[in-house]
Amino acid sequence: QVQLVESGGGLVQPGGSLRLSCAASGFSLDDYAIGWFRQAPGKEREGVSCMRSSDGRTTYADSVKGRFTISRDNAKNTVYLQMNSLKPEDTAVYYCVAGDYALFTVAIMAGPGHYYGMDYWGKGTLVTVSL
């Protein structure tokens, strides 16, 4: 059974940091691009970042570039999202997602509302950035 289980969300003050984790089971990270979408209250779901399985190439949304870093540990079949310099507008439910790298990149570049065609989704973890 394929599962993506996120953890690490929580409440953090503006300027703070969090690291999200996503443990994958039932499939290998070698077979899919892996990354993150997020959905803020009242807004469309949007792509945040992804990593290609073959060479580790990464893509980031402009809104998080320079602040967020995606990484993976193949031995643990786990992907991470290190989030620094967090802003209130980063508040959202963050979803771990596996799928095709090209589709993932298109979704990230296209912006909110583009999230179709991904293969597997986690249930999400809530990140709240507030004083």
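Trp121 is partly exposed in the predicted model, with a relative accessibility of 29%. The rings of Tyr95 and Trp121 form an edge-to-face pair, since their planes stand at 75 degrees and an angle over 60 counts as edge-to-face. The centres of these two rings are 6.0 Å apart. Tyr95 belongs to strand 9 (residues 92–99) and Trp121 to strand 10, and the pair links distant parts of the chain, 26 residues apart. Tyr95 counts as buried because its relative accessibility is 13%, below the 20% limit.

By the ring-centre criterion, eight aromatic pairs were counted. Among them is the pair of Phe37 and Trp121, which is tilted, with 50 degrees between the planes and 5.1 Å from centre to centre. This pair also links distant parts of the chain: Phe37 lies in strand 4 (residues 33–39) and Trp121 in strand 10 (residues 120–121), 84 residues apart. Phe37 is buried, at a relative accessible area of 0%. Ring pairs join Phe37, Tyr95 and Trp121 with Phe104, Tyr115 and Tyr116 into a cluster.

The largest pocket holds about 180 Å³ of space. Residues that line this pocket include Arg38, Gln39, Ala40, Pro41, Lys43, Glu44 and Glu46, as well as Pro88, Glu89, Thr91, Ala92 and Pro112. The lining comprises five nonpolar, two polar and five charged residues.

Conventions:
Residues are numbered from 1 along each chain as its sequence is written. This is a predicted model: local features need pLDDT of at least 70, side-chain atom pairs count only at pLDDT 80 or more; totals for chains, interfaces and linings use all residues. Side-chain values use heavy atoms; hydrogens and water are left out. On a 1 Å grid over the protein atoms alone, a cavity is a set of points where a 1.4 Å probe fits but cannot get out, and a pocket is an open set with protein on both sides within 12 Å along at least five of seven lines; lining residues have an atom within 4 Å of a point. Grid points are joined across faces, edges and corners, and a volume is the space filled by probe spheres set on the points. Ala, Val, Leu, Ile, Met, Phe, Trp, Tyr, Cys and Pro count as nonpolar, Asp, Glu, Lys and Arg as charged, and the others, Gly among them, as polar. Rings of Phe, Tyr and Trp (its six-membered ring) pair if their centres lie within 6.5 Å; planes under 30 degrees apart count as stacked, over 60 as edge-to-face and the rest as tilted. Helices (H or I, at least four residues) and strands (E, at least two) are DSSP runs, numbered from the N terminus. Buried means under 20% relative accessible area, exposed over 50%, partly exposed in between (1.4 Å probe, protein chains only).
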